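This briefing is meant for a reader who is meeting the structure for the first time. Please look over the sequence and the model before turning to the points below.

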Amino acid sequence: MAAASSANLDLTLDVWRQASPDERGGFQRYEMAGMSPDMSFLELLDQLNDRLEREGKEPIAFDHDCREGICGSCGFLINGHAHGPQSGITSCQLHLRSFRSGDHLVVEPWRSSSLPVIKDLVVDRSAFDRIIQAGGFISANTGSAPDANALPVSRTKAELAMDAAACIGCGACVATCKNASAMLFTAAKASQLALLPQGQPERHQRAVRMVEAMDDAGFGNCTNERECEGNCPKQISFSHIARLNRDYIAGKLRAVT
Amino acid sequence: MRWLFELLSSSIGKKLLMALTGLFLFSFLVVHLYGNLFLFVSEEAFNEHAHSFASNVIIRTIEALLFLAIVAHAFTGLYLARQNRLARPVRYRRHRAAGTRTLASRSMLITGSVVFIFLVIHLRGFFYETRFGSVYGGESLYVLVTETFAIPGYAALYVVAMILLAVHLAHGVQSAFRSLGIESARYTPAIRAVGLFLAVALPAAFASMPIYFVLQSGGVI
């Protein structure tokens, strides 16, 4: 075991507390003294919740599951940055060594009318599920795994599709976009199929249906500022949005003829 | 026609409309600048060019489309801005940009609104006079333009409007191409570079004219 990378930290947290979707929320201040810099941010919240429970108070509700950055459950704004100040990681992968003792951290849930707060830092991401249900799949029965080289896919396309498929649906793109737009999420989920041969038959129909579901959920509109890409823990490329634009427009025009 | 209505009512459709009308208005700037450059040639050349434009059926048709484009661009822009605000009813206490937003991209609504107000003043001053007012009655458009440009207050307004137009276009041109789905590692850097160059160069060329005539009337040139 390596020794702690530096001295323990004293942190002040302002955490958004909201008992239920319909109640007004507000910030609560918590002082956390002597925290190990090797703790993850979620472990800091665990420690705080232990204390709150000992004191007979309601612990802070926050989503979490794998705690290794692959499930997409966790996520909130830490000092104005989705998943904290480091790029390319989720909140669970953020360690306290990213901060300095004495730092004052504001912890807020994603804010979007389409991803409403359920409790404290937990938001309802079922709007994402509805986008996937609308078209984020292929209808063909794929059967058993095909021979590796039976269906040629260029390395470039395979890599791009894999990059899009890295989306964990955490919602950081919506949270960070000034318009609360879900274009990066929708584009990634459409592109992971649009780039591969299996996704071609329904490519345009898929784009149309997913965008319709996205619009129905009330997300904002993309203004091409790339903030989503900059705060995406999986660093999904903004270029997928241009592909979704193309496929959607082509889908709408094709349906006419 | 239902498909067209559906297309234009979707989020991507509205962005498509913004992109197409925006690029159309942008392309008009080139034609407009070409005409304005005759100001530096001679009164006869400028008036001759203006007259040939005003009497051309194709130009008059495009003119009607330009008015439609301005209205569509402005109203869709306002509607999108309102939708975007509604998409985040509770604001963040602290929200930091990832670093890709620019002054231009953040201020599209403000720069666009000021340019629109300028456009109304500009059209009243020159377009209206050409089609229905004093120039239509036989006065020289060259005299009207150069005398108006020589008023320091108007020249200042013109220059400020051109600076804001440049800021608007700095984000608008490249954003329009993205909204149209035109993006590739090969072409996007060139589109961005040319777009940014024209976004600055065209308004700068326009702004040079009132500056020139103010300086000329002041005896500096």
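In this predicted model, the centres of domain 1 of chain A and domain 2 of chain A, taken over C-alpha atoms, are separated by 29 Å. The points below take up these domains, then a pair of helices, and then the contact between the chains.

**The domains of chain A**
- The domain assignment places domain 1 of chain A at 9-108, while domain 2 of chain A is given as 125-139 + 153-254.
- Where the two meet, domain 1 of chain A contributes 12 residues and domain 2 of chain A contributes 10 residues.
- On the side of domain 1 of chain A that touches domain 2 of chain A there are five nonpolar and seven polar residues, with no charged residues.

**A helix pair in chain A**
- Helix 5 (residues 183-194) of chain A packs against helix 8 (residues 239-254) of chain A at an angle of about 75 degrees, and their axes lie 8 Å apart.
- Because angles of 65 to 115 degrees count as roughly perpendicular, helix 5 of chain A is roughly perpendicular to helix 8 of chain A.
- Residues making this contact include M183(A), L184(A) and A187(A) of helix 5 of chain A, together with I241(A), L244(A) and D247(A) of helix 8 of chain A.
- By class, the contact of helix 5 of chain A with helix 8 of chain A has eight nonpolar, three polar and two charged residues.

**The contact between the chains**
- Chain B brings 34 residues to the contact and chain A brings 40 residues.
- On the side of chain B that touches chain A, helix 1 (2-9), helix 2 (11-36), helix 4 (57-86) and helix 8 (152-179) of chain B each supply at least two residues, and the largest share, five residues, comes from helix 2 of chain B.
- That side of chain B divides into 14 nonpolar, 11 polar and nine charged residues.

Definitions and conventions:
Residues are numbered from 1 along each chain as its sequence is written. Chains are lettered from A and ligands numbered from 1 in the order in which they are written. This is a predicted model: local features need pLDDT of at least 70, side-chain atom pairs count only at pLDDT 80 or more; totals for chains, interfaces and linings use all residues. Domain bounds come from an automatic or database domain assignment. Two residues are in contact if their C-beta atoms, placed from the backbone, lie within 7 Å. Ala, Val, Leu, Ile, Met, Phe, Trp, Tyr, Cys and Pro count as nonpolar, Asp, Glu, Lys and Arg as charged, and the others, Gly among them, as polar. Axes are lines fitted to C-alpha atoms, for helices over the stretch in contact, and angles run from 0 to 180 degrees between N-to-C directions. Helices (H or I, at least four residues) and strands (E, at least two) are DSSP runs, numbered from the N terminus. Angles under 35 degrees count as roughly parallel, over 145 as roughly antiparallel, 65 to 115 as roughly perpendicular and the rest as oblique.
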